[in-house]
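This report goes through a protein model, moving from its overall make-up to pairs of side chains. Please have the sequence and the coordinates at hand while reading.

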Amino acid sequence: MKSALQIGLLTLCLLQLETVSAHAVVTDNSLKIAPIHANQTEKVELTFNSQVELGLSQIFLVRKGDQHELLKAAQGRQNGRIIVEVPPLEPGDYALRFKVFAADGHLTEDVIHFVVSQ
């Protein structure tokens, strides 16, 4: 009886740990296989480990001089995928800075750096 109670408490603790640690973390992005070309409108796909509340989230293009530009984003074909519209860019160093809310309400902030070349 005592061991059954201990197993039950351990199971509850593990389930609670899973709930507490749920955040929308980027697990993949299309920049790894499809770089952005200079002077062309591009789309970047971000893949998260959980569903994202797009209406509460923001994705910014960061340019030289720490200039931030809010980008348009749409839901991808699968849960946890977001398609970001990137405007035509000159060659140089850039970043995508995002603040996204997971479906469970947790906020995640991160930055993905990338280079646009000729």
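What percentage of the 118 residues of the protein count as buried?

## Overall make-up

Of the 118 residues, 31% are buried, where buried stands for under 20% relative accessible area, exposed for over 50% and partly exposed for the range in between, with a 1.4 Å probe and protein chains only. The model is a predicted one, in which local features need pLDDT of at least 70 and side-chain atom pairs count only at pLDDT 80 or more, while totals for chains, interfaces and linings use all residues. Residues are numbered from 1 along each chain as its sequence is written, and side-chain values use heavy atoms, with hydrogens and water left out.

Of the contacts (heavy atoms within 4.5 Å) between residues at least 6 apart in sequence, 58% join residues at least 24 apart.

## Aromatic pairs

The structure contains two aromatic pairs, a term for rings of Phe, Tyr and Trp (its six-membered ring) with centres within 6.5 Å, called stacked when the planes are under 30 degrees apart, edge-to-face when over 60 and tilted for the rest. Phe-48 and Phe-98 are edge-to-face, because their ring centres are 5.7 Å apart and their planes stand at 90 degrees. This pair links strand S2 (residues 42-48), which holds Phe-48, with strand S7 (residues 92-102), which holds Phe-98, across 50 residues, and both residues are buried.

The rings of Tyr-94 and Phe-114 are stacked, with 5.9 Å from centre to centre and 20 degrees between the planes. Since Tyr-94 lies in strand S7 and Phe-114 in strand S8 (residues 107-116), the pair ties together parts 20 residues apart in sequence. Tyr-94 counts as buried at 10% relative accessibility, as does Phe-114 at 8%.

## Salt bridges

There are three salt bridges, each defined by a side-chain nitrogen of Lys or Arg within 4 Å of a carboxyl oxygen of Asp or Glu. One of them joins Glu-45 and Arg-81, whose closest N and O atoms are 3.8 Å apart, and it links strand S2 with strand S6 (residues 81-86) over 36 residues.

Lys-32 and Asp-28 meet at 3.5 Å, N to O; Lys-32 is exposed at 59% relative accessibility, whereas Asp-28 is partly exposed at 37%. Glu-69 and Arg-63 form a salt bridge with their closest N and O atoms 2.9 Å apart.

Key
Helices (H or I, at least four residues) and strands (E, at least two) are DSSP runs, numbered from the N terminus.
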